[in-house]
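Look over the sequence and the model below before reading on. The paragraphs that follow go through some of its local features in turn.

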Amino acid sequence: MANDTTTFREGSLDAPTRHALDWKNPEFYAQESIDKELHRVFDICHGCRRCVSLCNAFPTLFDLVDESSTMEADGVSKVDYAKVVDQCYLCDLCYQTKCPYVPPHPWNVDFPHLMLRAKAARHERGETKLASKILSDTTSVGRIASIPIVVDVVNASNRAKPVRKLLDKTLGVHPDARLPTFDARTARRRLKHLDDTNAPVATPAGRTRGKVALFVTCYCNASHPQSVEDLAAVLRHNGIAVQLVRREVCCGMPKFELGDLDTVAKYKETNIPVLAEAVRDGWDITAAIPSCVLMFRQELPLMFPDDEDVQLVKRHLFDPFEYLWQRHQAGLFKTGFTNALGKVAWHAPCHQRVQNIGPKTRDVLALVPGTEVTAIERCSGHDGTYGVKTATYAIARKIARPVENRIKQIAPDHFASDCPMAASHLAHGMGDEPAAESPISLLRYAYGI
């Protein structure tokens, strides 16, 4: 009997593939077409429900279905579709870790990018709130807030109850949410003289070339500069030449999550030429925040599939611990540690997990003698602005609770997450017991440098 190539099968064992974003096509923003696709995908999700524990988008959808007159997706009003879209913060976990119907399965479900399409259409119609635009303008906020003298006023204001009440009313920032502290000694100011351009000949290993240009990131530059300083120190300690990317603006992820794709494209026009130039000069690129790495490795390449420079940068953009692990596999990673780390509770951020690189942070830290690393692979619930907005703060805390409980059970000597925002959000929920730390800072401490 001949094989029937049209046989339909439940689920898929094939590796997920991603279609390019057709965001320049007017049909991408057509609400009738979007609603039709939302209904199709919601119906599939309702019949599966495998992703119910990932975020609040799926419980919201399933509650709408269960409370409808038909108890099916066709009973949900199109007006209520936005309630599901509002709860998706594009972590990508459903696509990369849970959904059995992603491409190449014929059902072709891409839940995150469908939510992105709905957000983009809403933004195109001018429905994005001013508060969301301000909160997602991380480059401007960080630049202003880190000005000497101004920085002290901003940090003090963010702790003052009257100011927090005002922020709640004007920007929709929850009074209890932890806001970033800003540092006048930004990463770029601290490392402005860092330049290993004339360092000895670099030694390649695996895909790495032994020379790294640091994309500092908006958040790390103004609010977490120590992690960038520590990353530079660890790389140089391992014989890797380091320099800062010559010029940068936001990677675009905060605007991407709003559906503001035109601004993402604007940022890309500033960043990509500089990064591509560095790559052509022999430098690899890394950043201390997984979301920024993901933006250059996945989202921009899908937005600009025919842009050679975007694809070039994608091939030479690394997670820091992915980079170090490749050096280790080639015998070029130093393992002469002076300080044990004891028990480490390591939270794996969503935007790192979906890069399909494996738990390289855990693997590298586990090389330190006297160190036991326990991985926690579950969403922190922060996702940039989701964890601070009044409308979603309570939900973000609920999502974070299982992670916080696991950390407490571990009773670690150190708690760390590769995402400093996730780490801060989780530590806040635990009253800073334990306090949040950076994995790269732990590695520097282990080296004693």
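Is cysteine 350 buried or exposed? In this predicted model, cysteine 350 has a relative accessibility of 9%, so it counts as buried. Its closest cysteine sulfur belongs to cysteine 379 and lies 3.6 Å away, which is too far for a bond. A disulfide is a covalent bond between the sulfur atoms of two cysteines. A search of the whole structure finds zero of them. Cysteine 51 is likewise in no disulfide, and the nearest cysteine sulfur, in cysteine 94, is 5.3 Å from its own. Cysteine 51 counts as buried because its relative accessibility is 8%.

The next topic is a pair of helices. Helix H1 covers residues 31-48 and helix H5 covers residues 111-124. Their axes are 11 Å apart, and the two helices pack at an angle of about 150°. An angle over 145 degrees counts as roughly antiparallel, and H1 and H5 are therefore roughly antiparallel to each other. The crossing of H1 past H5 is left-handed. On the H1 side, the residues that meet H5 include Ile34, Leu38, Val41 and Phe42. On the H5 side, Phe111, Leu114 and Met115 are among those that meet H1. Sorted by class, this contact has ten nonpolar residues, two polar and two charged.

Some places in the backbone also deserve a look. Most residues other than glycine have a negative phi, and most peptide bonds are trans. Arginine 49, in the loop between H1 and helix H2 (57-66), has a positive phi of about 60°. Its relative accessibility is 26%, so arginine 49 counts as partly exposed. Asparagine 356 also has a positive phi, near 60°, and sits in the loop between helix H18 (350-353) and helix H19 (360-365). Asparagine 356 counts as exposed because its relative accessibility is 58%.

Where are the cis peptide bonds described here? One joins proline 103 and proline 104, with omega about 15°. Proline 104 belongs to the loop between helix H4 (93-98) and H5. Another runs from glutamate 433 to proline 434, with omega near 5°. Proline 434 is in the loop between helix H21 (420-429) and strand E8 (436-437).

The last stop is valine 274, in helix H14 (residues 261-280). Valine 274 counts as buried because its relative accessibility is 3%. Apart from neighbours within four places in sequence, valine 274 is in contact with Val245, Arg246 and Arg247. The C-alpha atom of glycine 431, 157 residues away along the chain, is separated from that of valine 274 by 41 Å.

Notes. Residues numbered from 1 in each chain as written. Predicted model: local features only at pLDDT ≥ 70, side-chain atom pairs only at ≥ 80, totals over all residues. Heavy atoms only, no water. Helix = DSSP H or I, 4+ residues; strand = E, 2+ residues; numbered from the N terminus. Buried < 20%, exposed > 50% of the residue type's maximum accessible area, 1.4 Å probe, protein only. Contact = heavy atoms within 4.5 Å. Disulfide = S-S within 2.5 Å. Axes fitted to C-alpha atoms, helices over the stretch in contact; angles between N-to-C directions. Parallel < 35°, antiparallel > 145°, perpendicular 65-115°, else oblique. Left-handed = near helix turned anticlockwise from the far one by under 90°. Nonpolar A, V, L, I, M, F, W, Y, C, P; charged D, E, K, R; others polar.
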